[in-house]
Amino acid sequence: MKRLPLAALMAVFFGWLLWTVSVRQAALFAVGIGLGAVLAGQRFGFTTGWRLLIEEKDASGVFGQLLLLALAAALAMPLLGSFPELTAALGPPSISLLIGAFVFGLCMQIADGCGSGTLYKAGMGIPMNAAILPMFAIGSFVGSLHLGWWLDLGRVQPVGLVSSWGWPAALGATLLALALVAVGVRWYVGQANAKLQRATQPLWQRKWVVGAVLLAILATANLVIAGQPWGVVYGFGLWAAKVANATGAVDLAQNWFWSQPGNAARLQETVLLDVTSITNIGILAGALWIAANKPPSSKALTGTQWIVALVAGLVLGYSSRLAFGCNVGAMLSGISTGSIHGWIWVPLAFVGTVFGLRIRRRFGF
């Protein structure tokens, strides 16, 4: 489909949401379109940035992500401190977080996408990611069914820096921590490239910087409009849960996760009222618009690669629920709104990525 008729369809859907659902949901759909267009247009991949650092000793992707985190925190934390009706992306430090983050980091390299990466690449029509998306949704739903059991293994209460320290101290500590990470990454790539006797790639590249600035603005818009930070994987699990609930395959009324009032209410409502789902739909539309005139090419997969990718997608969804989010929900939204669980998620997911890259190479992806 060409861009002009696609834009017309998106405008009609926006108008329909505005007229029949709510102004908020229409606005979130528009924010989602922007997110999808930036992710696809700039190819701002969290998975890719980590892979470039490890395999190519190229820190530009990670520096782009650090810039995104700093900008998003600088925008979000004052808002959270000033408007108590806005909520942070808090997750409890727990056994499930430790295991889920590691497994997620491993599987996202095999599946070539985190939550947002899978979504925007599916929107662009990349066959592997389009096939992984429903597997991700099923995995996220199954993870939600088991989450109560995982939390019983051990957890503590979520810790929010903004509520505990106030937003100025929370922002200062966050920016300092991000600066220390940047110094460590810069030192690592300098040492690694020196050993390889090659020049270090520029730390700041236009696509990563532009992507970071635009995503920080859009993530803040999501926070203000939705009242909660940008998330991705909850919508996937909700879609699968609604199918399971409609078919009577599982008694969700007795499940720890889906019996909670907010989740139980969303099961009974249209997905168009769910803030994460409507943003996800917008991301798909925005990515589709970017790819409309020039569909991306992708390498054909072998049968074994298809099986490995689909299994990785299923486990990716499962682990995302255990870890209370992906690179967006746990890392970006968690760290930028002051949640300690975001800082726990990152190193564990990064270690998982190191192992995931070995498996990725083993199967020839």
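Asp-112 counts as buried, with a relative accessibility of 16%, where buried stands for under 20% relative accessible area, exposed for over 50% and partly exposed for anything in between (1.4 Å probe, protein chains only). The model described here is predicted, so local features need pLDDT of at least 70 and side-chain atom pairs count only at pLDDT 80 or more, while totals for chains, interfaces and linings use all residues. Residues are numbered from 1 along each chain as its sequence is written, and side-chain values use heavy atoms, with hydrogens and water left out.

The side chain of Asp-112 meets that of Arg-51 in a salt bridge, at 3.1 Å from N to O; the term requires a side-chain nitrogen of Lys or Arg within 4 Å of a carboxyl oxygen of Asp or Glu. This pair links distant parts of the chain, 61 residues apart, with Arg-51 in helix α3 (residues 46–56) and Asp-112 in the loop between α5 (95–110) and α6 (115–123). Helices (H or I, at least four residues) and strands (E, at least two) are DSSP runs, numbered from the N terminus. Arg-51 also counts as buried, at 13% relative accessibility. Together with Lys-121, Arg-51 and Asp-112 are linked in a network of salt bridges.

In total, the rule gives four salt bridges. One of them joins the side chains of Glu-55 and Arg-361, at 2.7 Å from N to O. Because Glu-55 lies in helix α3 and Arg-361 in helix α16 (residues 340–362), this pair ties together parts that are 306 residues apart in sequence. Glu-55 is partly exposed, at 31% relative accessibility. A salt bridge also forms between the side chains of Asp-274 and Arg-266, at 3.6 Å from N to O. Here Asp-274 is buried, with a relative accessible area of 3%, whereas Arg-266 counts as partly exposed at 27%.

Attention now turns to the nonpolar interior. In soluble globular proteins, nonpolar side chains tend to be buried together. A nonpolar core is taken as a set of buried Ala, Val, Leu, Ile, Met, Phe, Trp, Tyr and Cys residues joined through side-chain atoms within 4.5 Å. The largest such core has 80 residues, of which Phe-44, Leu-68, Phe-104, Leu-215, Trp-230, Trp-258 and Trp-345 touch the most other members. Helix α7 supplies the largest share of this core, eight residues. Apart from it lies another core of 13 residues, including Phe-29, Ala-226, Val-275 and Ala-285. With neighbours within four places in sequence set aside, the contacts (heavy atoms within 4.5 Å) of Phe-44 include Leu-39, Leu-68, Tyr-120, Trp-208 and Leu-215.

Helix α15 is mostly covered, with 10 of its 10 residues buried. These buried residues pack against α3, α4, α5, α6, α9 (167–195) and α16. Just after α15, Gly-338 takes a positive phi of about 90°. By contrast, Ala-246 in helix α11 counts as exposed, at 69% relative accessibility. The C-alpha atoms of Ala-246 and Ala-226 are separated by 27 Å, with the two residues 20 apart along the chain.

Grid points are joined across faces, edges and corners, and a volume is the space filled by probe spheres set on the points. The largest pocket has a volume of about 850 Å³. Of its 33 lining residues, Leu-90, Tyr-234, Phe-257, Arg-321 and Phe-324 are the closest to the centre. Helices α7 (127–152), α11 (233–247), α12 (261–268), α13 (275–291) and α15 (327–336) each supply at least two residues of this lining. By class, the pocket lining divides into 17 nonpolar, 12 polar and four charged residues, with Ala, Val, Leu, Ile, Met, Phe, Trp, Tyr, Cys and Pro counted as nonpolar, Asp, Glu, Lys and Arg as charged, and the others, Gly among them, as polar.

Three cavities of 30 Å³ or more are found across the whole structure, and the largest cavity has a volume of about 80 Å³. Helices α4 (60–82), α10 (206–226) and α15 each give two or more residues to the lining of the largest cavity, and α10 provides the largest share, four residues. This cavity lining has eight nonpolar, four polar and no charged residues.

Key: On a 1 Å grid over the protein atoms alone, a cavity is a set of points where a 1.4 Å probe fits but cannot get out, and a pocket is an open set with protein on both sides within 12 Å along at least five of seven lines; lining residues have an atom within 4 Å of a point.
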